[in-house]
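Subject: Handover of a structure and findings

Dear colleague,

Please find the structure below, followed by an account of what was found in it. I would be grateful if you read the text with the structure open beside you.

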Amino acid sequence: MSDVLEQDRPAPATERKSETGAAARPLPLAGVRVLDVSQVMAGPYACMLLGDLGADVIKIEPPAGGDQTRGAMGFKMKGPDSMGFLNMNRNKRSVAINLKTDAGREVLYKLVETADILVENYRPGVMTKLKCGYDVLSKINPKLVYASISGFGQTGPWAGRPGFDLIAQAMSGVMSVTGHPGGAPVKAGVPVADIGCGLFATYAALAAYIGAKQTGQGQYIDASLFEAALAFSIWDTSEYWGTGVDPVPLGTSNRMSAPYQAVRSSDGYFVMGATNQKLWAKLCETLDRKELMSDERFIDNPARLRNRLVLIEELEKSFVAKTSEEWVEALLAVGIPAGPMHTYPEAFDSEHSKHRQMRMEIDHPIEGKVPNIGFPVKLSGTPQQVRLHPPLLGEHTETILNEIGLDAEARGALAERGAFAG
């Protein structure tokens, strides 16, 4: 794990040294300044990804409490910040500014002069009312890439509705295909709309930034949880557009091939997929059920899809004879994809996850060692780094204001006008 700096601005990437002592390649986004004017998940997650790649991310928070996620979750840490906040805000510096005051906005305007990207996720219209909309800030900095994240986008009949992952999953159709047939509604276990929107906003912001470097003109990005969730519906929507039949929940099975789902063993469940005719034949041979290969109900993939329920009943007659571990080992041995059902602790503690460094620890001034989810992609030449711990609320206010030319006297005058008060 990289050492975490305390209050200093991240060192220029050209100053980093490799293990051999030679100058390391700059991180890809070294020199890029991002203003994170967002809270909770989609926006902070997007900005953290940019920070991991070297961007100088300045998190602009309300003085009274900061990002709502600081106080979220149903358990307490040593300090005031939740584990959720600590897992979405590394590699950032925090400035506490009251954007409801003229003085607070003046500070933001000064920061905008130095920024390349701004990410916000207030409800549509709020930033405009605060005089911090793209129309205002783009005049201060024409190169600014301004990304707005919301529940349903900035325009349209639903634009004014509050945006939460649960609502987006329901209204996009995601929940209509999640769970088991005839069961109560089930949401995806992970926040697919939030994380998806954060990822889409990140790729759009980087594309717009590259464009601004070439043209000198930034642009406005409108990202929504609703559209992010819809964008994940490729198989389900393809089935609907191809057949005219509404997709329904299928449990763990798949719309494109069968068998491809969780199946019962003698001690629980495991997952497997015989997704083509060659793998189907291997499965029948491994189970010593060659008669299934000539069964008209299972003769090819379309037939197996039509008869999915009875297919799994037949296969589980054989699968219940051994444990999940035995079957996973046997299927992998003949080239059939299979795997055990892990809990999160089992997944993170697995030999593979440890090898891939999917759990790391960050030094924190209050919490000590803080576990964080590792970098989900690996760059060979410029690997992501932990340069800064998740910031305390307003931890870097004075340092950053100094950087943009606001000395002690100017800061005092701004403070008197309510710039930093909740």
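The protein chain contains 17 helices and 11 strands; helices (H or I, at least four residues) and strands (E, at least two) are DSSP runs, numbered from the N terminus. The model is a predicted one, in which local features need pLDDT of at least 70 and side-chain atom pairs count only at pLDDT 80 or more, while totals for chains, interfaces and linings use all residues. Residues are numbered from 1 along each chain as its sequence is written, and side-chain values use heavy atoms, with hydrogens and water left out.

**The chain as a whole**

Taken along the principal axes, the C-alpha atoms fill a box of roughly 85 × 55 × 45 Å. Of the 422 residues in the protein chain, 47% are buried. Here buried means under 20% relative accessible area, exposed means over 50%, and partly exposed lies in between (1.4 Å probe, protein chains only). Among contacts in the protein chain with a separation of 6 or more, 69% come from residues 24 or more positions apart; a contact means heavy atoms within 4.5 Å.

The protein chain exposes about 21200 Å², and carbon and sulfur atoms supply 56% of that area. Accessible areas come from the Shrake-Rupley method with a 1.4 Å probe, and for residues only the protein chains shown count as cover.

**Salt bridges**

A search of the whole structure finds 21 salt bridges, each being a side-chain nitrogen of Lys or Arg within 4 Å of a carboxyl oxygen of Asp or Glu. One of them joins the side chains of Lys59 and Asp36 (3.5 Å, N to O). Lys59 lies in strand β2 (residues 56-61) and Asp36 in strand β1 (residues 33-37), so this pair ties together parts that are 23 residues apart in sequence. Lys59 is buried, at 0% relative accessible area, and Asp36 is buried at 0% as well.

A salt bridge also links the side chains of Glu398 and Arg411 (3.6 Å, N to O). This pair links distant parts of the chain, with Glu398 in helix α16 (residues 397-403) and Arg411 in helix α17 (residues 408-416), 13 residues apart. Arg411 is buried, with a relative accessible area of 14%.

Lys317 and Glu314 form a salt bridge through their side chains (3.2 Å, N to O). Both residues lie in helix α12 (residues 308-319), 3 residues apart, which is about one turn of the helix. Lys317 is exposed at 57% relative accessibility, whereas Glu314 is buried at 14%.

**Surface patches**

Patches are made of residues with over 30% relative accessible area and no salt bridge; like charges are joined within 9 Å, and nonpolar side chains (Val, Leu, Ile, Met, Phe, Trp, Tyr) within 5 Å. Asp267, Glu325, Glu326 and Glu329 gather in a surface patch of negative charge. Asp and Glu count as negative and Lys and Arg as positive, with His and the chain ends not counted; the place of a charge is NZ of Lys, CZ of Arg, CG of Asp or CD of Glu. Asp267 lies in the loop between β7 (260-265) and β8 (268-273) and is exposed, at 52% relative accessible area.

Phe164, Leu166 and Ile167 make a nonpolar surface patch of about 290 Å². Leu166 lies in helix α6 (residues 165-172) and is partly exposed, at 45%.

Yours sincerely
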